Amino acid sequence: KHLGGKKNIYVITCSIPVINELEKYPNVNVISLGGELRRDNHAFLGSTTETEIEKYCADIAFIGVAGISFEFGLTNYYHQTASLCKKIIKQSKKVVLLADSSKFGKAKPAIVGKLTDIDAIVTDDGIPEDYKDYFAKNDIEVIMVKNKKIE
């Protein structure tokens, strides 16, 4: 929603809500990744999507996960979303994780990657201190927002 006034931006996404929002902004170039429609995620996923993402590189990737833990790192509910996130991380120069504090200390079934795979995290002020310390020690930037809901 904040990209409307920007120029020379390309957004690569498989998210239908993101595509719908960015359609309003003629200055933003949108590249949609195809694949199998996952109605519960409002996104395209699967092997086609993963093959398509390999054709691109990104300056900055914004990803979300369902769980963040010291033991298992970054995790998601489904293998398809975890696998796509892994590819996105690999194809990006910088990775920014968007996750509210409710995700910390939780692990979901599908592993995305290590905590050190991210360069920055946007979260709320409820982040546990031990994670703040870990991110500081590993040069991972923590960006705090006031609103506890990260979209």
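**Exercise 1. Find the ring over which the charged end of arginine 38 sits, and give the distance to the ring centre.**

Solution. The ring belongs to tyrosine 78, and the charged end of arginine 38 lies 4.5 Å from its centre. The model is predicted. The cut-off for this kind of contact is 6 Å from the ring centre, together with an angle within 35 degrees of the ring normal.

**Exercise 2. Classify the ring pairs that phenylalanine 70 forms with tyrosine 131 and with tyrosine 134.**

Solution.
Step 1. For phenylalanine 70 and tyrosine 131, the centres are 4.0 Å apart and the planes make 5°, a stacked pair.
Step 2. For phenylalanine 70 and tyrosine 134, the centres are 5.5 Å apart and the planes stand at 65°, so this pair is edge-to-face.
Step 3. Place the residues. Phenylalanine 70 is in the loop between S6 and S7, while tyrosine 131 is in helix H4, 61 residues apart. Tyrosine 134 is also in helix H4, 64 residues from phenylalanine 70.
Step 4. Compare each accessibility with the classes. Tyrosine 131 is buried at 5%. Phenylalanine 70 is partly exposed at 42%, and tyrosine 134 is partly exposed at 24%.
Step 5. Widen the view. Phe70, Tyr131 and Tyr134 belong to one aromatic cluster that also includes Phe104 and Phe135.

**Exercise 3. Give the strand order of the open sheet of 3 strands, and explain why one side of S6 and of S9 has no neighbour in the sheet.**

Solution.
Step 1. The order is S6-S7-S9, with antiparallel pairing.
Step 2. S6 (67-69) and S9 (110-113) are the edge strands; each has a single partner strand, so one side of each lacks a neighbour in the sheet.
Step 3. On average, neighbouring strands are turned by 35° against each other, direction ignored.
Step 4. S6 and S7 (residues 73-76) are joined over 3 bridges. Serine 69 stands opposite glycine 73 in S7.
Step 5. Helix H3 (residues 79-90) packs on the sheet, touching S7 and S9, and its direction makes about 10° with that of S9.

**Exercise 4. Describe the largest nonpolar core and the elements that supply it.**

Solution.
Step 1. This core has 20 residues; among those with the most contacts inside it are Leu74, Leu97 and Phe135.
Step 2. H3, S8 (92-98), S9 and H4 (129-137) each supply at least two residues. H3 gives the most, with 3 residues.
Step 3. Beyond its neighbours within four places in sequence, leucine 74 is in contact with residues including Ile68, Leu97, Val112 and Ile118.
Step 4. A second, separate core of 6 residues includes Cys14, Ala43, Leu45 and Leu84.

Methods:
Residues are numbered from 1 along each chain as its sequence is written. This is a predicted model: local features need pLDDT of at least 70, side-chain atom pairs count only at pLDDT 80 or more; totals for chains, interfaces and linings use all residues. Side-chain values use heavy atoms; hydrogens and water are left out. Two strands pair if DSSP finds at least two bridges between them. Helices (H or I, at least four residues) and strands (E, at least two) are DSSP runs, numbered from the N terminus. Axes are lines fitted to C-alpha atoms, for helices over the stretch in contact, and angles run from 0 to 180 degrees between N-to-C directions. Contact means heavy atoms within 4.5 Å. A nonpolar core is a set of buried Ala, Val, Leu, Ile, Met, Phe, Trp, Tyr and Cys residues joined through side-chain atoms within 4.5 Å. Buried means under 20% relative accessible area, exposed over 50%, partly exposed in between (1.4 Å probe, protein chains only). Rings of Phe, Tyr and Trp (its six-membered ring) pair if their centres lie within 6.5 Å; planes under 30 degrees apart count as stacked, over 60 as edge-to-face and the rest as tilted.
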